[in-house]
Amino acid sequence: MRAIAFALALMLTQSVLSARAEAPPTRLWVDSYNAPANHEDIGRFVAVDGVDRIYVAGTTYESGIGGAWHDYLLLQYDADGNLVWDRRYGGEGGEALTDLEIPAPGEVLITGYSPGLNGLEVATVKYDHLGNLVWDRRQSVQGFDSDHGPKLAIDGEGNALVSATDDGDFLVLKYTPDGTLLWSRHYDGPAGDLDMATDIAADEDGSIYVTGTANESHAFATVKFSPEGDFLWEQLEPGDIASVFAPSHVAVAPDHDIVVAGSPESACGVFQFKIWKCSANTGAVLWSDTAPADPCASITFRDMAVHWTGEIVAVCDGYIDGVDFHMHLFRYTGDGILLWAREFDGPGTSEDVAAAVAVDAAGAAYAFGYTTSPPQNRDYAAVKYSASGTPEWSVSWASDQGTNDIGHDIAVDPAGNVIVTGNSFDLAQNENAVTIKYHQASSADVGVGLASGAANRSLRLDLSPNPASQGTMIGYTLPKDGAARLEIVSPEGRRVRTVANGLHTAGRHTIRWDGTDAHGARLPSGIYLAHLTAGGSVISAKIHLLP
């Protein structure tokens with residue numbers, strides 16, 4: 001039945017370029033970052049902290065007396081694309097930044113590999129929103145995985161979880177918010193061969209899930225640890241001929257069960273997309289699906305995102321018809337029913353390569369990567385589908401020199417603006433980290449009263465009266481003590497006023513917003529967003545301000 005469902009969904013595939021249900025987004029700004037070394041600067045990850053702080057992380061090429069090397073690169077932009085600060089972290093060696101997370105409002109966390117005195121180390125670094133180094137922690141590893149580096153997750157208490165590969169085993173590190181190492185754990189697969197960790201996730205209760213490959217890539221292995229670091233279970237998922245292609249990704253669904261996806265090898269000897277859901281209690285597989293239906297058609301899994309409703313969107317790329325290499329998106333219910341499959345043929349004449357996927361609070365899916373025209377011209381490419389699979393818009397971007405522009409990551413801020421990052425080749429400056437922000441015509445409706453992740457289910461936000469002319473009472477409920485920030489956001493996605501910011505106790509709070517900006521000036525009538533950030537989670541509600 002799943003093969004039939006996939007075939008039917010694929011029949012509905014449309015080129016976004018041929019049917020747009022929504023006006024293409026407006027490009028607000030483009031920033032091309034070139035570090036003083038004037039060499040390689042690459043934006044690999046993008047994350048947003050509210051509506052006015054955008055973080056881009058990657059690597060930069062440094063030079064000095066001892067030669068040249070790569071460092072971590074971290075950039076902060078404001079809502080208007082102004083570079084607020086840049087930070088480089090590393091020594092005279094080859095750093096490789098491999099993940100970025102926002103652990104709490106006003107904080108940013110990065111991790112990767114960094115050379116140490118006795119070999120390579122997993123270096124995890126926290127900064128505050130002013131660019132101050134809060135802490136850095138390093139852990140020596142042996143026999144690391146050079147292709148799939150350390151990954152980050154944040155649990156419900158704000159602890160930082162790091163997965164990596166150490167001496168042929170999974171390695172898990174748990175740090176408190178102040179950087180204290182609580183524990184480290186290893187997992188050695190059943191055959192005792194090479195095991196490589198490629199992703200990590202944590203739930204609200206602090207349970208930790210790590211996925212990767214086991215037995216020298218003969219199977220995917222997903223394991224669970226308790227908040228105290230106790231090993232609880234393992235789940236092994238081989239390909240049809242006992243071979244898999246890293247990486248696999250893992251996410252916690254709103255029902256607390258676990259979603260895993262990767263690329264196993266089929267009976268035809270090509271890699272396909274496979275997704276499966278496991279019981280959080282036992283690791284037992286609840287359902288699984290494989291695409292394409294033809295085991296001799298090849299697509300490779302790249303990324304997935306889980307919506308607050310439990311629906312899952314995955315992006316892949318490859319050949320379904322054996323000829324055309326395109327992006328492919330798949331959307332499933334939390335019970336494993338394939339809702340739709342879409343093939344995106346970008347504006348280039350050759351390959352369309354996927355890098356990342358995101359979903360907004362309203363359920364729309366955004367895929368990002370690059371499109372290629374022979375012989376070497378690559379352009380950024382992004383596409384949006386509604387929750388029902390309707391193609392909404394697509395955009396592409398090429399640098400002035402029209403050479404290699406390679407997209408790596410995408411994010412949607414609480415106001416519905418889309419931010420992408422990657423790198424672009426410049427003949428004079430080599431690779432520059434290029435970040436672009438787009439404003440959608442539908443931005444005012446993206447986050448209306450919806451939580452943007454599973455961790456937000458216990459956040460509450462309500463408004464009365466609404467619509468309002470003289471102001472409205474904003475009620476907000478927090479599940480636990482901690483920092484919280486409540487902001488009013490304009491239809492264009494800019495913060496116009498912060499109405500609450502600081503440490504809060506758990507429970508319900510109320511505050512009145514009188515319809516004015518930070519300077520006390522009356523704002524024009526229109527649709528605004530009340531945006532609540534707490535514990536690394538966000539929720540937004542629409543305010544209709546009357547004249």
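Two housekeeping points before we start. This is a predicted model, where local features need pLDDT of at least 70, side-chain atom pairs count only at pLDDT 80 or more, and totals for chains, interfaces and linings use all residues. Residues are numbered from 1 along each chain as its sequence is written, and side-chain values use heavy atoms, with hydrogens and water left out.

Okay, let's begin with strand β15, residues 208-214. When I say strand, I mean a DSSP run of E with at least two residues, numbered from the N terminus. And buried, for us, is under 20% relative accessible area, exposed is over 50%, and partly exposed is in between, using a 1.4 Å probe and protein chains only.

Who are its partners? Strands pair here if DSSP finds at least two bridges between them. On one side there's β14, residues 196-202, which pairs with β15 in the antiparallel sense over six bridges. A202 has I208 of β15 as its bridge partner. That hairpin has five residues between the strands, and G206 takes a positive phi near 95°. Then there's β16, residues 219-225, running antiparallel to β15 and joined to it by seven bridges. I208 turns up again here, with F225 of β16 as its bridge partner. Four residues sit between β15 and β16 in their hairpin, and N215 in the turn has a positive phi of about 60°. As a reminder, strands of a sheet pair through backbone hydrogen bonds, either parallel or antiparallel.

On to the rings. The structure holds 20 aromatic pairs, meaning rings of Phe, Tyr and Trp (its six-membered ring) with centres within 6.5 Å; planes under 30 degrees apart are stacked, over 60 edge-to-face, and the rest tilted. Take Y209 and W233: ring centres 6.1 Å apart and planes at 45°, so that pair is tilted. Y209 lies in β15 and W233 in β17 (residues 231-238), so the pair ties together parts that are 24 residues apart in sequence. Y209 is buried at 0% relative accessibility, and W233 is buried at 6%. Next, F273 and F301 have centres 6.0 Å apart and planes at 20°, so this pair is stacked. F273 is in β20 (residues 273-278) and F301 in β22 (residues 298-306), 28 residues apart. Both of these Phe residues, F273 and F301, are buried. There's also a cluster in which ring pairs link F170, Y187, F225 and F231, and you'll remember F225 as the bridge partner of I208.

Last topic, charges. We have 16 salt bridges, where a side-chain nitrogen of Lys or Arg is within 4 Å of a carboxyl oxygen of Asp or Glu. K274 pairs with E237, with the closest N and O atoms 2.7 Å apart. Are they buried or exposed? Both K274 and E237 are buried.

E121 and R138 form another one, at 2.4 Å between the closest N and O atoms. E121 belongs to β8 (residues 119-128) and R138 to β9 (residues 133-140), 17 residues apart. E121 is buried at 13% relative accessible area, whereas R138 is partly exposed at 33%. R88 and D86 also form a salt bridge, at 3.3 Å; R88 is partly exposed at 34%, and D86 is partly exposed at 26%. And finally, a network of salt bridges links D49, D52, R53, R485, E487 and R495.
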